[in-house]
Amino acid sequence: MKAVDVTILRPVEMGTDSMNEPIVELREEAKPVRVITSPGSSAELDATRPDGVRVSWTLHFPKTYTNSLRACRVKLFGIVYRVIGDPQPYMPENTPGMWNRPVEVEAVDG
């Protein structure tokens, strides 16, 4: 299998606005992460968004990457995808290879 580099964009709270709501900025992690990609589904959105489309992937992260991905974004092939949920690794006993954490991501356009 051939791995590809992805860039992790992590939310960082920068303070609060005039309504006391958090101001969040996405910051790139210093090093890209090599993942295995698996295309997910793509689907058109409902009739209220006739030109809309949702594209998803499952990215398999290496055991060496242990940071949380909750609320992060991932840049893959130049497109920024939203991480779905709080991905967790498989049990070590069940993953003899290098990659142990499936991460579902999606992008919606239109």
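The following dialogue examines a predicted model of one protein chain and the definitions behind its description.

Trainee: What does pLDDT express, and what is its average over the chain?

Mentor: The pLDDT is the predictor's confidence in each residue, on a scale from 0 to 100. The chain averages 90, and 88% of the residues score at least 70. Where pLDDT is low, the predicted coordinates should not be read in detail.

Trainee: How many helices and strands does the chain have, and how are they defined?

Mentor: The chain has zero helices and seven strands. Both are DSSP runs numbered from the N terminus: a helix is H or I with at least four residues, a strand is E with at least two.

Trainee: Why is tyrosine 81 called buried?

Mentor: Buried means under 20% relative accessible area, exposed over 50%, and partly exposed in between (1.4 Å probe, protein chains only). Tyrosine 81 has 4% relative accessibility, and therefore counts as buried. This residue lies in strand S6 (residues 79-83). Of the 110 residues of the chain, 29% count as buried.

Trainee: Which residues are in contact with tyrosine 81, leaving aside its neighbours within four places in sequence?

Mentor: Contact means heavy atoms within 4.5 Å. Among the partners of tyrosine 81 are Val55, Trp57, Val74, Leu76 and Val105. The C-alpha atoms of tyrosine 81 and valine 105 are separated by 5.6 Å, although these residues are 24 apart along the chain.

Trainee: What makes the pair of tyrosine 81 and tryptophan 57 a polar contact?

Mentor: A polar contact is a pair of N or O atoms within 3.5 Å; within protein, one must be able to donate a hydrogen and the other to accept it, and residues adjacent in sequence count only if both atoms are side-chain atoms. The side chains of tyrosine 81 and tryptophan 57 are joined at 3.1 Å, so the pair qualifies.

Trainee: How do you know that S5 and S6 pair?

Mentor: Two strands pair if DSSP finds at least two bridges between them. S5 and S6 share four bridges, so they pair, in the antiparallel sense. In S6, tyrosine 81 is the bridge partner of valine 74. S5 is also joined to strand S1 (residues 4-16), by three antiparallel bridges, and the bridge partner of threonine 7 in S5 is lysine 75.

Trainee: Which residues form the covered face of S5, and which the uncovered one?

Mentor: Val74 and Leu76 form the covered face, whereas Arg73 and Lys75 form the uncovered one. In a regular strand the side chains alternate between the two faces of the sheet.

Trainee: Why are phenylalanine 77 and asparagine 20 called exposed?

Mentor: Phenylalanine 77 has 53% relative accessibility and therefore counts as exposed. Asparagine 20, at 59%, therefore counts as exposed too. Phenylalanine 77 is in the loop between S5 and S6, with a positive phi near 55 degrees although it is other than glycine. Asparagine 20 is in the loop between S1 and strand S2 (22-28), and its phi is positive, about 65 degrees, although it is not a glycine.

Technical notes:
Residues numbered from 1 in each chain as written. Predicted model: local features only at pLDDT ≥ 70, side-chain atom pairs only at ≥ 80, totals over all residues. Heavy atoms only, no water.
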